[in-house]
Amino acid sequence: MSSFRRISFGFCASVLATAASPVFAAEDHSIYYGSRAGMTLTTVSKRGIGTANAVIMLKHTPKDAKGYCVGYEQDNSMECVKRAMAEVKVGDRVRGNCKRGTWTDMYGQSYAFEGPTKSADSMADYAVRDMKSGGILDGSSASGYGVALNIFQQLCPGIAK
C-alpha cells in the first residue's frame, strides 16, 4: 500500500471514529449538539458544575460551523458556513441537576442518568432515560446516547466516567 493510501485510510478512520462516538468535543471549550463530525457548540461559560444547578452557556460560532462543513460535509466554502449558521437552531445553554442525575440539552430535551447498564444486550455503558418517551437510549448514535451522555459528563463530572 502506498504511503498516500495509508495516510488517507488513517485520516478516514479517524474521521469516522470521531463521527461515531462524540465522547468529548474538540476541546473542553465545546460540546456536541449532534452525532456527526464537527457538530459542536462553543462553551461560553460554566457555573455550578457538579451541583444541583449546573449550567453551561453555549454559542454556535462560525468556527463551529466551519468544523462541521469541513469535517462532515467536506465543504470548505464560506457558503457552507453561512448555511450551517442559518440552519443550526439550538438553545444557548444546557442545565443539569447532578444531585438528581437529570439534565436538559440544548434542544430542551430532558434525560435522567440511571447508572450502569443492567442489560447485556445494550451497547451503552450507562442507562440514560429520555424523559419525554420514557425509554432508555440504546447506546447508538441514532438514539442520541453519545451526545446526551457527553452533556451529562460535562455538567456533572465524575459520575459517568
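**Figure 1. Disulfide between Cys98 and Cys156****.** The sulfur atoms of Cys98 and Cys156 lie 1.9 Å apart and form a disulfide, a term that stands for a pair of cysteine sulfur atoms within 2.5 Å. This is a predicted model, in which local features need pLDDT of at least 70 and side-chain atom pairs count only at pLDDT 80 or more, whereas totals for chains, interfaces and linings use all residues. Residues are numbered from 1 along each chain as its sequence is written, and side-chain values use heavy atoms, with hydrogens and water left out. Because the torsion about the S-S bond of Cys98 and Cys156 is about -85°, the disulfide is left-handed. The pair links distant parts of the chain, 58 residues apart, with Cys98 in the loop between β4 (93-97) and β5 (102-104) and Cys156 in the segment after α4 (145-155); helices (H or I, at least four residues) and strands (E, at least two) are DSSP runs, numbered from the N terminus. Both Cys98 and Cys156 are buried, where buried means under 20% relative accessible area, exposed over 50%, and partly exposed in between (1.4 Å probe, protein chains only).

**Figure 2. Disulfide between Cys69 and Cys80****.** Here the sulfur atoms of Cys69 and Cys80 are 2.2 Å apart, and the torsion about their S-S bond is about -95°, so this disulfide is left-handed. The pair links distant parts of the chain, Cys69 in helix α2 and Cys80 in helix α3, 11 residues apart. Cys69 is buried at a relative accessible area of 0%, and Cys80 is buried at 1%. The count comes to two disulfides, and with bonded cysteines counted along the chain they follow the pattern 1-2, 3-4.

**Figure 3. Salt bridge between Glu73 and Arg83****.** The closest N and O atoms of Glu73 and Arg83 are 3.9 Å apart, a salt bridge being a side-chain nitrogen of Lys or Arg within 4 Å of a carboxyl oxygen of Asp or Glu. Glu73 lies in helix α2 and Arg83 in helix α3, so the pair ties together parts that are 10 residues apart in sequence. Glu73 is partly exposed, with a relative accessible area of 36%, and Arg83 counts as partly exposed at 36%.

**Figure 4. Salt bridge between Arg129 and Glu114****.** The structure holds three salt bridges, and in the one between Arg129 and Glu114 the closest N and O atoms are 2.6 Å apart. This pair links distant parts of the chain, Arg129 in strand β7 (residues 126-130) and Glu114 in strand β6 (residues 110-116), 15 residues apart.
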